[in-house]
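Okay, thanks everyone. Let me put this one up on the screen, and then I'll walk you through it.

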Amino acid sequence: MTFDSTVFCGECVHCKRGDVNLCDNRQVLGVSCGDYRRHGAFAEFVTVPAGSSINFPPNSVSPKPR
Ligand SMILES: [Zn+2]
């Protein structure tokens, strides 16, 4: 599983157009500038909205180099 680090509101004009990277209320996990700051990138576990998560198909990722 991985995730898109941009957390968006889903309500503003940009989100409704599908341009969530331009969301007026966006936060970005691990970004340190004040406008978009969302803490958590150095944590062992983080929570993200379900819509931001991306699941890999079973057996598609190997922990060993190929
Ligand atoms: Zn938005």
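Before we get to the strands, one bit of bookkeeping: I call two strands paired if DSSP finds at least two bridges between them. And keep in mind that what you're looking at is a predicted model.

So, with that in hand, look at β3, residues 27–29. Two bridges join β3 to β4, and the two strands run parallel. If you want a landmark there, find valine 28, which sits opposite arginine 37 in β4.

Now zoom out to the sheet. Which order do its strands take? It goes β2-β3-β4, an open sheet of three strands, and the pairing is mixed. β2, at 6–7, and β4, at 37–38, are the edge strands; each has a single partner strand, so one side of each has no neighbour in the sheet. As a reminder, strands of a sheet pair through backbone hydrogen bonds, parallel or antiparallel.

What about the rest of the chain? In total we have one helix and five strands. Going along the sequence, the pattern reads β-β-α-β-β-β.

Okay, overall shape. How does the radius of gyration sit against a compact globule? For 66 residues, such a globule would come out near 11 Å, but this protein chain has 14 Å. Along the principal axes, the C-alpha atoms fill a box of roughly 45 × 25 × 20 Å.

Burial next: buried residues make up 5% of the 66 in the chain. And for contacts, take those between residues at least 6 apart in sequence: 29% of them join residues at least 24 apart.

Conventions. Residues are numbered from 1 along each chain as its sequence is written. This is a predicted model: local features need pLDDT of at least 70, side-chain atom pairs count only at pLDDT 80 or more; totals for chains, interfaces and linings use all residues. Helices (H or I, at least four residues) and strands (E, at least two) are DSSP runs, numbered from the N terminus. The radius of gyration is taken over C-alpha atoms; the globule rule is 2.2 Å times the number of residues to the power 0.38. A residue is buried if 20 or more other C-beta atoms lie within 10 Å of its own, exposed if 12 or fewer, and partly exposed in between; C-beta atoms are placed from the backbone. Two residues are in contact if their C-beta atoms, placed from the backbone, lie within 7 Å.
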